[in-house]
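Hi everyone, thanks for coming.

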Amino acid sequence: MHRFLSTCGLGLVAWLLVTTGQLAAQTAESPSDLFERAIRPLLLDRCIECHGPTKQEHQVRLDRRSDVLTGAASDIPLVVPGQPDKSRLWQVLQHSADDIRMPSSGKLDQPSLDAVQSWILQGAPWPETANLEADAVARLQRWRQHWAFQPVHTPDLSTQPPDTQTIDWLIDRQLQPHQLQRSPPAPAGVIARRLSYAITGLPPELTELESARIAEHSGSLSAWLTDYTERLLAQPQYGERWGRYWLDVARYADTKGYVFTENREYADAWRYREWVIRSLNHDQGFDQFIHQQLAADRLPGADDPAQLAAMGFLTLGRRFLNNTHDIIDDRIDLVTRGLMGVTVSCARCHDHKYDPISQADYYSLYGVFASSDEPGTEPSPLRLIDRPQPVEPVIFLRGNPGNRGPAVPRRFPVALAAPDAPVWQSGSGRLELAQAITSTANPLTARVAVNRVWMHLFGRGLVETPGDFGIRTDKPQHAELLDWLAAEFMASGWSRKALLRTILRSETWRQSSDRRPDAEPVDPENRLLARMNRLRLDFEAQRDSVLAASGQLDRTVGGPSADLANDPAVTRRAVYARIDRQNLPGIFRTFDLASPDAHAPRRYQTTIPQQALFYLNNSFVLNQSAEIARVTAAAGEDRIAAVFGHVLRRSPTSTELADCHAFLQTITELQQVTGQGGWQLGRGSLPENALTVSDFQTLTVVREGRLQAGDQLPDPQFGWVFLNRNGGHPGNDLQHCAIRRWTADNNCRVLLHGVITHPSDQGDGIRLRVLAADGRLLAETSATNGTQTIAAAGIQLQAGQFIDFVVDCRTNSSHDSFRSKFVVTQTVDGQPARIWNSEQDFREAPSPRQDPWAQLAQTLLLTNEFSFID
Amino acid sequence: MSAAVPIPFLDPDPSPVVVGRRGMLARCGMGFGGLALADLLQQTQAGEPLNPMSPRQPHFPSRVKHVIHLFMNGGPSHVDTFDYKPELQRRGGEKIATGNLATERPTGALYPSPWRFRPCGQSGLMISDLFRKTSAHADQLCVIRSMHADVPNHEPSLMLMNCGDARLVRPSMGSWLTWGLGTDNQNLPGFVAMCPGGYPIQESQNWQAGFLPGIFQGTYVDTNHTEVEKLIENVRNDRISSSEQTQQLKLLRLLNRQHLEQRPGDAQLESRIQSFELAFRMQTDAADAFDVSREPKHIREMYGEGVQARQILIARRLVERGVRFVQVWHGQGQPWDNHDDIEVNHARLARQCDQAIAALLTDLGQRGLLDETLVIWGGEFGRTPTVELPTKGANAGKINGRDHNHWGFTMWLAGGGVRGGYAHGATDEFGFKAVEKPVHVHDLHATLLKLIGFDHEQFTFRYAGRDFRLTDVHGKVVEELIA
C-alpha cells in the first residue's frame, strides 16, 4: 500500500479530532459553518468511499442531502433532524455490540461524535450548494494517487547496461517508444563552456578551451572533462553561483520593505549570503544546510555568529509594517513551498482548495514560528530563539486573528507526516520541523531539491513548477529519473556537489543542443530531451561575464553588499548586489531577477527592448568595453582577434574579420567628420548684419551649473556671458554673444524650433539670431520682457556643418538673463528622426568619445553568442 | 502610432525562418491580436521567447485601450468637491452621532464646505468651485459617490486601491492590465507611473508587479525632471553618436546572422535580435513622448502652467502613442492629506490640476481618444464631514481640516465606455458613510476590468498553488456605471 494511503486517512482523522472537538464547545458557530467545517470533511473522509457516488453499500448513500434526510436510496431516513436517537446514522456510529458498527474502520472519536450529535440536534443543516458528490470523488482519488506524495521509489535498474549511465538509460527509455535517440555529444569547447557556466557562472578561461580541444584530439576528452569538473567544483566561485540560486529560494534582500520611518536596512543580511556560499563550497549536506537555516540556535555551535547567520533564511523577509501574522505567513510559505513544494500558506483562511493541507496544518506551523523570538543583536541579529513558553496555537477562523477557533498542536502537516509522528515538544518545534523536512521518509524535500538543480542545468525542471508539487501538478515525464536522483541525493549524504557531478557527466547533459527536426513533431518542447536546451545567461552570469571579458572582475569571495544597480564602477560579482526590496532597482526588474518579496521558484525569462537599451547605453557596459579596448591595444595586427578572445573566447572567422575591419574604418571616418557632432556652448562675435560668427570660443569654466569664460562673473574681459541648461546671459556687446552651436554628425536635413524668454520686466531684452554655417540667416527674433518662438524647416546640412544660435544684448546689457530651449529634429535618409534638445542635452563637460575599438568590443558583448550557451 | 516595422537598414534581408507557431509569433512581435490570452500566457510561462509586451485581446471586445488614473494621493475631500451635502452646510457646528464610524483620529462637529456647489451641464451634477473647470465636463463624468474601503490609513488604503489587497504583496492594477493586454507601442514602457518630486507613500509598491514578471511593474518617472535620461533609464549615451550606434547595430546584425545560420529557427535568438531594433527606436520615441514642448502653443496653454499641467499633458501624449496604463500622482508623499488648513490647501491643490484635468478631457475628446481611454479620478479614500480635533504630535491642531474617511468617498470615471453625467449611490446626509448602492474598491476593480474587457473572476494568474485575481475573492461589477 502506498504510504500516502495510510497517512492521509489517519492524518485527516487526527485533524478532525482536533477541530471538531473544539467545535462542540463553541457557541458562536452557525449551523452551516458546523456542516462545512466538521460534517462535510467527516463524511468525505470516513463514509463516502463506500457510501457515495461510486459505491452504495447496503444501498446507503451519504453524499446527497435527499438520500440522507429522506432515504431515497435506502428507503430509510438516515437522519431525523433534531433527533439523534431516532437517526439511523447516529445509531450505527455508536459501535454497539448488537448493531452494525460504522465506520467499519473504527469508531469515531468522541469529539467527532459530539459534532455529529450537535449537527443533528441543530436540524441537520445541509447547504444546497454542498456538492459532496463531485468533491468526494475528485478529492479522495486525487489525494491518494498523487505522484508527489508517494515514497521516493528507486527504479528497477537490473536491465541497465553496464556501460550506460543511469540518467542516460532512463532518458533513453522515454525516447525509445518514439523511435528517437539522444543527440551526439556537443563539441569539446561547448561542453567546457557549459561546465564553466554551470558550476561557476563564469566563462571558461581561454587556456582551458585550448586544452579541451587538445584532449579531444588525443582521445582523452572524457578524463579531461572529469578533471575540469573537479577543478571548477573546487573553486569558490561555485558557491557564489549556486548561492545566488539559493538566494532566489530564500527571497533574499538587504532591506525590510516598507516600515514607515523605521530604519529599513538589514545591515547584516550579507552575513547570511556569506554563510550560504560557504556551506556550498564546503559541500555541507543539504539536510544540515536546512537544519541550520531553520534551527541553528538549537544545534552545536549555537554561540557562533557565523552559524547563527544561517537563520537569515527565515528572518530576512519583508516586514509588512511589522505585522506578526504576515511575517509568520511569509516564513510558513518560504519553508513549505521553498523546501517541499507544497503551498501551505493557501490554508491561512480556509482548508486548501486542492491539496491535503488543512487550516489546522497552517496554524500548527504558525505556532512554531510564533514560539520563536528575534532577540536582538547579539550574538547575531539574524537568529531566532525559542520562547521559554511556546505558543499553543489556535486556528484563526477565516484567517482573522480576532476570531479564534480550536486549538491545534505544533506539528508537521498531517498528510505529509509519518503515521506515528508525534506532536512537537522541544521548544518551538523548529528543530523538529527541520528534521521532519529532511527525513528520508519525506518524499518531497529531496525531489524538490534535485528538480531545482536539474532546472538550473537544463533550463527547465523535470517538474515545471518547482514550487508546487501539489495536486494540480502532473506527474512529470521523467518521474523515474526524478526519483532516482532524489534517492541518490539522499544516499550520498545529501551532497550537492555529488549531485552536480552525476548530472554533469551524463551524456544527456553533454549532448548537442542543435535542433532535432525529427523529434519536433512528437516533442516540440523537448521534454523528452533528445537534445540539450540552448540556455540564455541570466543577469548575474551576463554581468559577471562582461567583467570577465574586460579582466576587471573582482574575485574577492564574500563581504558586504555592493550597490551595483546604481554604481557602474562596481566590479564585484552580481551575487553581491545589494537588493532593495521596497524599490527594486529598474535594472533588476528589466533583467528578470527573482522578486525578493516571496520564495521565487523560478525566474521569468523575458526579452524586452529595455534589456537591449542597457547594453547599448549603460555606462557600466561602455566602461568595460573601453577597458577591453585598452587591454587589447598592444595586440597590434591581431587586435581584432584579441578582442574576440576576450569577449567570445575564440578567434574570428575570415568573414568576421572583414566585417570588423570595415566597421572600425567606418567608425573612424565618422568620428573624423563628426567629432564635433551635437552641441557646443561658447561665445563669439557677430556684428550687425554679419552672417557668420567669428572668434567662437567654447565656455569651459563650470560654476553652479553655468558654463562661463573664467572664474569670475562678470569676467573682467568677457563680461556677463554664460550659458546654462535653460538659458544664459549674453556679454556686453556684439563681440561677446552667447552662442549654442549645433553640428551635424551626418549628412542630413533638419527642422528646428525654439523658444526664448526674457523674464525680466526691465531692460530692452535680448536678440536671437540663428545662422547656418554657410551664411544663411535661418531666424531672427527679439524678446523684451516676454517670450518669442522661432522655427525653420528643410535645412540641408553636410556632416560637420553647424547651426549657431546667437544671443546678444541688443543695446543695453543689463537685465539680460534669458531662458532658451532649442530643438533640432534631424533626419538622415532611412533613419528615424533624432531629436536634439538644448536643455536635455546640456552637459557641463563634453563626454569622452567611445573609441572605435571600444565600440567593437561593445558590439561583441551585445551578440547572441555572448549571451547564450549552446 | 508607431509600429515595429523592421528598420530597413538594420534588416536588409528579412528572410523569415519560421518554425511553426512559436517562431512565427516571436518574429511578429506585435499585432497578433487574435491570439488567445491563455495561449500566450502558457507560452510565456514555459519560458519561451515571446515578446511579453505584445498586444493581445481581453476576454471580450472593448473599446477601452488605455487607462489614465489621476491619483489624488492623500485623500481629497469628497464633501468639498463632488459630493454635495446640503445638510452639512445647514448644520455646521452641530455635533452628530457617528456611531461606530471610527476614523484615524478624533473629529468634532460638522464642518461645512467652504466652497459653493453648482449644478453643472445638462445632467445638473453638483460640483464645487474647487473643480470649476473640470465641471464643464460634468456630462462626461460618472461620479461614484458611494465608494468605501476598509481602514482609515494611507498605506493599506493605497495598497487596496492599487493592488486589491491592503497588506500582502499583490500586483497593481496597471501591472495586471499590461500583463493581460500587452501594450500597443513597443518603443515605450507599457505602464508608466508619474509622480513629481519623489514617491508617494508606500513608494513603488503602488505600481508593483507582485508575483507577475517584473517587467510588468510600472516604470516610475519623476516629472519634476525634464531631461529624458532622467525619465527613462539607459535611453541614451553621450559617448557614441547615433550614426555610430547605427553602425554598431549593423555589425551586430551581421554577427548575429552568422551565429543564427548555424542555429536555424531558434526563436529566442531571433527575438533577442529584434529587441535591439526596438531599443534603437525607443531612444527616439521616448525622448519625443516626454517632451511637451513639441505640443503646439494652444495645447500647452489649454493645460496651463506647472508640473501638474505638464504631467497630465504627458499622460495624453503617452496614451496617444499606445501606452496602456498611465498613473499620474499629484505629488510626493500625500499632498491631499489636509488634516489642517483644508480651505487653503485644497484650493491650492485643485488649482494646480483642475485646468489640466479639464484640458485632458477636452483634448482626448477632440482627438477621438476619449472613447478608448478610461480616465479615473480619486484618492485612496475621502475625508470626514466633521472637523478634525487636535491630536498631540499628529496635526497642527488648528481645527480647520478633515480626517481620513474610508466609510464613504467619491471617485469619478470618464471616457471609455462609462455612463456620463451620472452620479451613482450616495453617502448619508452629511457625507460620512456610503449608504446607497455602496461600491467597495473591489467592486470598482471588477467594474474597471469589465470596462476594459475582462471578467474579473476569470482574469487569473497561477502563483504558489493558487489562481490569483485583482479582486481576490471579492468584487461585483456595478453595471449602472457602464454606458
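**A walk through chains A and B**

Let me start with one residue: Glu203(B) has 17 C-beta neighbours inside 10 Å, so Glu203(B) counts as partly exposed. As for that word, a residue is buried if 20 or more other C-beta atoms lie within 10 Å of its own, exposed if 12 or fewer, and partly exposed in between, with C-beta atoms placed from the backbone. Glu203(B) also has a positive phi of about 55°, although it is not a glycine. You'll find Glu203(B) in the loop between β6 (191-194) and β7 (219-221) of chain B. When I say helix or strand, I mean DSSP runs, H or I of at least four residues for helices and E of at least two for strands, numbered from the N terminus.

Before going on, a bit of housekeeping. This is a predicted model, where local features need pLDDT of at least 70 and side-chain atom pairs count only at pLDDT 80 or more, while totals for chains, interfaces and linings use all residues. Residues are numbered from 1 along each chain as its sequence is written, and chains are lettered from A and ligands numbered from 1 in the order in which they are written.

Chain A has a positive phi of its own to show: His95(A), not a glycine either, sits near 55°. His95(A) is in the loop between α4 (88-93) and α5 (110-121) of chain A, and is partly exposed, with 15 other C-beta atoms within 10 Å. Most residues other than glycine have a negative phi, and most peptide bonds are trans. On the peptide side, Glu378(A) and Pro379(A) are joined by a cis bond with omega about -10°, and Pro379(A) lies in the loop between β1 (372-373) and β2 (385-386) of chain A. There's also a cis bond from Leu713(A) to Pro714(A), omega near 0°, with Pro714(A) in the loop between β9 (706-708) and β10 (722-724) of chain A.

Okay, chain B. It has 12 helices and 18 strands, and 59% of its 483 residues count as buried. Which strand of chain B is mostly covered? Strand β10(B), residues 382-388, where seven of its seven residues are buried.

Who pairs with β10(B)? Strands pair here if DSSP finds at least two bridges between them. Strand β2 of chain B, residues 107-110, pairs with β10(B) in the antiparallel sense over two bridges, and Leu110(B) has Thr386(B) as its bridge partner. Strand β11 of chain B, residues 402-405, is also antiparallel to β10(B), over three bridges; there Val387(B) stands opposite Arg402(B).

Now two helices, α7(B) and α8(B). Their axes come within 11 Å and cross at roughly 170°; axes are lines fitted to C-alpha atoms, for helices over the stretch in contact, and angles run from 0 to 180 degrees between N-to-C directions. Angles over 145 degrees count as roughly antiparallel, under 35 as roughly parallel, 65 to 115 as roughly perpendicular and the rest as oblique. So α7(B) and α8(B) are roughly antiparallel to each other. Among the residues making that contact are Leu249(B) and Leu252(B) of α7(B), plus Phe276(B) and Phe280(B) of α8(B). By contact I mean C-beta atoms, placed from the backbone, within 7 Å.

How do the two chains meet? Their contact takes 69 residues from chain B and 81 from chain A. On the chain B side, the elements giving two or more residues are α7 (242-262) and α8 (267-289).

Back to chain A for a sheet. Six strands form an open sheet in the order β7-β6-β12-β17-β14-β15, with antiparallel pairing. The edges are β7 (694-698) and β15 (777-783), each pairing on one side only. Inside this sheet, seven bridges join β6(A), residues 678-685, to β12(A), residues 737-743, and Leu681(A) stands opposite Arg740(A).

Last stop, the core. A nonpolar core is a set of buried Ala, Val, Leu, Ile, Met, Phe, Trp, Tyr and Cys residues joined through C-beta atoms within 7 Å. The largest one has 334 residues, and those with the most contacts inside it include Ala857(A) and Trp412(B). Leaving out residues up to four places away in sequence, Ala857(A) touches Ser625(A), Ile628(A), Ala629(A), Val643(A) and Val647(A). A second, separate core has 23 residues, including Leu42(A) and Ile120(A).

Definitions and conventions:
Two residues are in contact if their C-beta atoms, placed from the backbone, lie within 7 Å.
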